[in-house]
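Please read them with the coordinates open.

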Amino acid sequence: MTKFKGESVYSGIAIGKLCLYSKNEKKIERNHVTDVENEKKRFEDAKTEAINQLKVLYDKALANVGETNALIFEVHQMMLEDLDYIESVLNIINTQGVNAEYAVGTTGDNFSAMFEAMDDAYMQGRAADIRDITERLLNILNGSNTDGLKLEEPVIICAEDLAPSETVQLEKDKLLGFVTRQGSANSHTAILARTMDIPAVIQANIEMLPEYNGKLVALDGFTGNIYLDPDEETLSEMKAKQQKCIEEKELLQTLKGKENVTQSGQVVQLYANIGNTKDVAAVLKNDAGGIGLFRSEFLYLESSDYPTENEQFLKYKAVAENMAGKKVIIRTLDIGADKQVDYFEMEKEENPALGYRAIRICLDRPEIFKTQLRALYRASVYGQIAIMFPMIISVSEVLQVKEIIKEVKEELKAQEIPFKDVELGIMIETPAAAIMSDELAKEVDFFSIGTNDLTQYTLAIDRQNPKLGKINDSHHPAVLRLIEMVVKNAHANGIWAGICGELGADTSLTEWFLKIGVDELSVSPSMVLKVRKQVRETK
Ligand code: PEP
Ligand code: MG
């Protein structure tokens, strides 16, 4: 038996034959051409063919893995129509008088390197999409098959990396799990694994040795362990773990449609956190009662310029409509700290987590804030939207926010644009907000406790620093005392309080959250049923 280790991006156990998957890495030749116009036409034709292929893939993904995941192929179509990408290819053909393959390959390398160099993990993940569309074009240009890997029997795929288009083409019922030597937790491939409900491990230290092909592997998606040729003891341990996992999942399914109620009759709202409109499908699939945190900054992170009012309006409207009257709490822009956006042109800071971020930027640059607020209010008539504000430290900030909202509403009214009054809440994620929660509660409709930042700022531990992971303890009594105090102050002033940080999904604390009277827990969609189970088992 040989044991390898990687980072889990989706839990579960897979036991089966390993199937090594290597792409046909073809060397791209640089050839001088005499007919530049012909090369440009070859590129244009390849682009048209690629877009046609992606349309077919979209339909296939739609049927297999749903609209949320199919959208990536629409994104790829848009990337192929991106003017910068096209201009770069045509420019290389024109100025260097070279073949289309070389121009496409070079453009793909340049663009993916540019994305990889970005600070933001999401944008880094887009480098894989650039490589994916580039490879598709190259395959078309040199007449290769782009059908991907055909699986004869159920296997665990092991690859250097997997592009989203390769992942979705794998037959779902023959895919037991996958292991990649590279990859990032934010990549669409990892997202697909979660949606396909397939154990997946990335950044694994396994080598791609041909002799491994076809060998038995036990993949532990909980620990990231990969056992090649497992010994009998490991195999039976893994089988038992797999069985337990299957039983737990089946049991969780029976909780769909059930109330989040304890045995003594206490009810708690169970909502889900999303970062993107596409995540709504997972929210509905897991039967969440609403969206407790829509991290709207991802709309800005995905964009290469400030998203316009209308672009934002359409996204908020879509989420509100898809949730069909269930509550959708949208957090205003929380940019800064670990979430940097180039076009905001922010200065480099010594301590970005303690710096220019979130509501501080919005109050300092009200034109950005107002654009978002107008979009939110316009979308309010399409469902049950609530708005909340991040990183609040004082009552005066809330009063400033309310003043800006008043202006926005007056402007909309004057323009005869319909809107509804919505619940306004704040995130409690700074010790200052927790300590001042008695006064803050008089100004807002609800609190949502952001335990990720509340822990960071209470314990003075950078949440991004992997060296401090062990002591970054959200169970620290100081954090728990602040949570209890916030809930008490909320109730004393007649408003509700929820938790939207990761701690909300920590089932070892569910009983305590209920005891102190937390009204709502907002967790990642895949955790909803697990937390519901814990609530229902609580006395
Ligand atoms: C939090 O800080 O707990 C939170 C939910 O916000 P984010 O993780 O996006 O900072
Ligand atoms: Mg936060």
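Predicted model: local features only at pLDDT ≥ 70, side-chain atom pairs only at ≥ 80, totals over all residues.

**Notes on the metal site, helix packing and backbone**

1. The magnesium ion (ligand 2) is coordinated by two residues, E429 through OE and D453 through OD, at 2.1 to 2.2 Å.

2. The cut-off for buried is under 20% relative accessible area.

3. Next, helix α3. The helix covers residues 100–116, 17 residues in total. From first C-alpha to last, α3 reaches 24 Å. That is close to the 24 Å expected at 1.5 Å a residue.

4. Which residues of α3 are buried? They are A100, E101, A103, V104, G105, T106, T107, G108, F111, S112 and F115. These buried residues pack against three helices: α1 (36–80), α2 (83–96) and α4 (121–141). As background, an α-helix has 3.6 residues a turn, so residues three or four places apart point the same way.

5. How do α3 and α4 pack? Their axes are 7 Å apart, at an angle of about 170°. Angles over 145 degrees count as roughly antiparallel, and α3 and α4 are therefore roughly antiparallel to each other. By class, the contact of α3 with α4 has ten nonpolar, five polar and four charged residues.

6. The residues behind that contact can be listed. On the α3 side they are A100, E101, V104, G105, G108, F111, S112, F115 and E116. On the α4 side they are M123, Q124, R126, A127, I130, R131, T134, L137, L138 and L141.

7. L138 deserves a separate look. This residue sits in helix α4. L138 has a relative accessible area of 13%, so L138 is buried. Leaving aside neighbours within four places in sequence, L138 is in contact with I28, E101, V104 and G105. The C-alpha atoms of L138 and A46 are separated by 8.3 Å, although the two residues are 92 apart along the chain.

8. Now α1 against α3. The angle is about 55°, and the axes are 9 Å apart. That makes α1 oblique to α3. E39, R42 and F43 of α1 meet A100, E101 and V104 of α3. This contact divides into three nonpolar, no polar and three charged residues. A100, E101 and V104 also take part in the contact with α4.

9. Most residues other than glycine have a negative phi. D287 is not a glycine, yet has a positive phi of about 60°. D287 is found in the loop between α8 (280–285) and β10 (291–295). With a relative accessible area of 22%, D287 is partly exposed.

10. The second case is E345, with a positive phi of about 45° although it is not a glycine. E345 is in the loop between β11 (327–331) and α11 (358–364). With a relative accessible area of 70%, E345 is exposed.

Key
Residues numbered from 1 in each chain as written. Chains lettered and ligands numbered in written order. Heavy atoms only, no water. Helix = DSSP H or I, 4+ residues; strand = E, 2+ residues; numbered from the N terminus. Expected span 1.5 Å × (residues − 1). Buried < 20%, exposed > 50% of the residue type's maximum accessible area, 1.4 Å probe, protein only. Contact = heavy atoms within 4.5 Å. Donors = N, O, S within 2.8 Å, 3.2 Å for Na, K, Ca; no water. Axes fitted to C-alpha atoms, helices over the stretch in contact; angles between N-to-C directions. Parallel < 35°, antiparallel > 145°, perpendicular 65-115°, else oblique. Nonpolar A, V, L, I, M, F, W, Y, C, P; charged D, E, K, R; others polar.
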